[in-house]
Amino acid sequence: MTSGLEGVVAAETVLSHVDGENGRLIIRGRELDDIAGKISFEEVCALLWEGLAEPDLPEKDLREVLGTARVAVWPLAQKVFTLCRETPALSLIEGLRLGLSALSDQDKLPHHLLVTAMVPVMTAGLIRIRKGQEPVAPDEALSHAADFLAMMTARPPKRLQAHALDTYLSAVCDHGLNASTFTARVIASTQAGMISSVIGGLCALKGPLHGGAPGPVLDMLDEIGDEKGIRPWLERQLDQGERLMGFGHRIYKVRDPRADVLKGAVRLLSGDDNNRIALAEKVEQVALEVLAERKPGRRLETNVEFYTALLLEALSIPREAFTPVFAIGRTAGWVAHVLEQEKVGRIIRPSSVYIGPEPLAA
Ligand code: ACO
């Protein structure tokens with residue numbers, strides 16, 4: 001038995017397939033490249049939820065009902081904002097957890113819409129509260145991505161900015177049976193409901209081993225400073241036994257396909273003449289060389305976190321909000337997995353091997 005359950009099959013799913021050997025991510029029969037940035041995040045939700053959610057809505061209607069749902073959760077979000085202001089020790093993701101926990105199983109709105117709406121509304125409001133600003137109400141006429149940026153900045157985003165965030169949300173919408181998705185499915189299997197299952201997913205995502213490394217990627221770029229410093233900094237890190245953030249993956253042994261999608265989105269957003277992106281691309285190139293020299297045979301490639309960091313930074317999203325913003329996209333996948341698991345109708349209940357002492361004989 002492995003402590004990380006590698007290779008253990010715990011679910012059958014029609015939702016996504018991570019092909020780590022070939023660097024492919026398939027979402028409901030479509031390559032990631034064909035959806036992220038090509039169709040809207042609402043269309044991706046419609047694709048993921050098709051045949052699972054009630055009501056089963058096409059993209060156009062989904063955009064409308066998601067807008068309505070963001071407006072519907074706003075009064076409750078405002079109450080949670082008050083509590084968060086009075087509890088400054090709460091981190092941003094803890095505030096988001098509190099916001100989801102305020103939702104009731106008795107609510108009449110479909111619960112998958114409620115949770116999908118609550119995540120951006122809470123995250124945007126909490127970012128503003130952190131800066132001493134007032135949260136901004138949602139605008140149901142905007143897309144999910146555009147409304148998040150509008151709520152965060154109190155002004156309508158530029159088209160390219162909304163497109164970049166939309167691409168990001170789609171790129172991270174689902175990823176096989178990762179830790180948070182598995183957590184959500186275990187909770188769903190007990191019939192605890194959509195809201196509790198998604199809160200469980202968020203709690204698993206909160207852990208640094210899952211929520212990822214986009215913040216530290218930016219710390220690395222800050223410390224490297226300029227092109228001259230790249231190789232010495234990277235080699236020093238490895239000499240000290242540290243890992244290079246944004247590289248390596250448990251499943252992908254070739255390039256993470258999400259990294260390429262996000263690299264394209266960052267370039268589109270920031271243009272070619274951008275010092276930060278130019279430095280990052282050089283760091284990526286040298287890091288891959290250094291990793292190949294120092295860890296031959298390990299097949300360490302760029303992962304999703306590297307360009308996530310640059311994209312979210314270019315959108316002026318604070319580092320503390322990176323994991324909550326990831327959750328805006330991943331909620332689409334959690335919801336789909338919860339709905340799929342609920343249809344299975346059987347509790348997930350694995351076994352353990354007892355290795356403790358036997359009771360003393362009388
Ligand atoms: N930098 C340097 N060396 C690395 C890196 C890295 N980023 N990643 C793996 N290695 C090395 C390890 O030191 C180890 O070498 P060794 O056998 O000579 O000691 C070998 O590669 C295998 O490492 P494992 O820990 O077994 O690989 P695993 O598959 O468990 O780890 C992980 C995957 C956690 C992502 C790892 O690559 C890592 O720590 N990367 C840096 C952090 C990061 O970018 N995290 C975000 C991942 S993306 C996501 O989760 C959404």
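Where is the place of Arg-267? Arg-267 sits in helix H13, which covers residues 257-270, a helix here being a DSSP run of H or I with at least four residues, numbered from the N terminus.

## About the model

This is a predicted model, in which local features need pLDDT of at least 70 and side-chain atom pairs count only at pLDDT 80 or more, while totals for chains, interfaces and linings use all residues. Residues are numbered from 1 along each chain as its sequence is written, and side-chain values use heavy atoms, with hydrogens and water left out.

At 39% relative accessibility, Arg-267 counts as partly exposed, a label for values between buried (under 20% relative accessible area) and exposed (over 50%), found with a 1.4 Å probe and protein chains only. The C-alpha atoms of Arg-267 and Leu-310 are separated by 9.8 Å, although these residues are 43 residues apart along the chain.

## The nonpolar core

In soluble globular proteins, nonpolar side chains tend to be buried together. In this model the largest nonpolar core has 110 residues, where a core is a set of buried Ala, Val, Leu, Ile, Met, Phe, Trp, Tyr and Cys residues joined through side-chain atoms within 4.5 Å. Helix H5, made of residues 111-130, gives the most to this core, with 12 residues.

Among the residues with the most contacts inside the core are Trp-49, Phe-148 and Leu-165. Leaving aside residues up to four places away in sequence, Phe-148 touches Pro-120, Thr-123, Ala-124, Ile-127, Leu-165, Ile-317, Val-325 and Ile-328, a contact being heavy atoms within 4.5 Å.

## Around the ligand

The ligand is surrounded by 17 residues, and the closest are Arg-243, Leu-244, Gly-246, Phe-247 and Arg-298; a residue belongs to this group if one of its heavy atoms lies within 4 Å of the ligand. A polar backbone atom of Phe-247 is 2.8 Å from a nitrogen atom of the ligand. On its own the ligand has 920 Å² of accessible area, of which the protein covers 69%.

Gln-237, found in helix H12, touches Arg-243 and Leu-244 as well as Glu-242, not counting residues up to four places away in sequence. Gln-237 is buried, because its relative accessible area is 15%.

## Helix H11 and its cover

In helix H11, which spans residues 214-224, the buried residues are Pro-214, Gly-215, Val-217, Leu-218, Met-220, Leu-221 and Ile-224. Their cover includes helices H10, H12, H14, H15 and H16. Gly-225, which follows H11, has a positive phi near 80 degrees.

## Backbone features in loops

Most residues other than glycine have a negative phi, and most peptide bonds are trans. The peptide bond from Glu-54 to Pro-55 is cis, with omega near -5 degrees, and Pro-55 is placed in the loop between helix H2 and helix H3.

Ala-154 is in the loop between helix H6 and helix H7 and is partly exposed, with a relative accessible area of 47%. Ser-316 is in the loop between H15 and H16, and Ser-316 counts as exposed because its relative accessibility is 52%.

How values were computed. Helices (H or I, at least four residues) and strands (E, at least two) are DSSP runs, numbered from the N terminus. A polar contact is a pair of N or O atoms within 3.5 Å; within protein, one must be able to donate a hydrogen and the other to accept it, and residues adjacent in sequence count only if both atoms are side-chain atoms. Accessible areas come from the Shrake-Rupley method with a 1.4 Å probe; for residues, only the protein chains shown count as cover.
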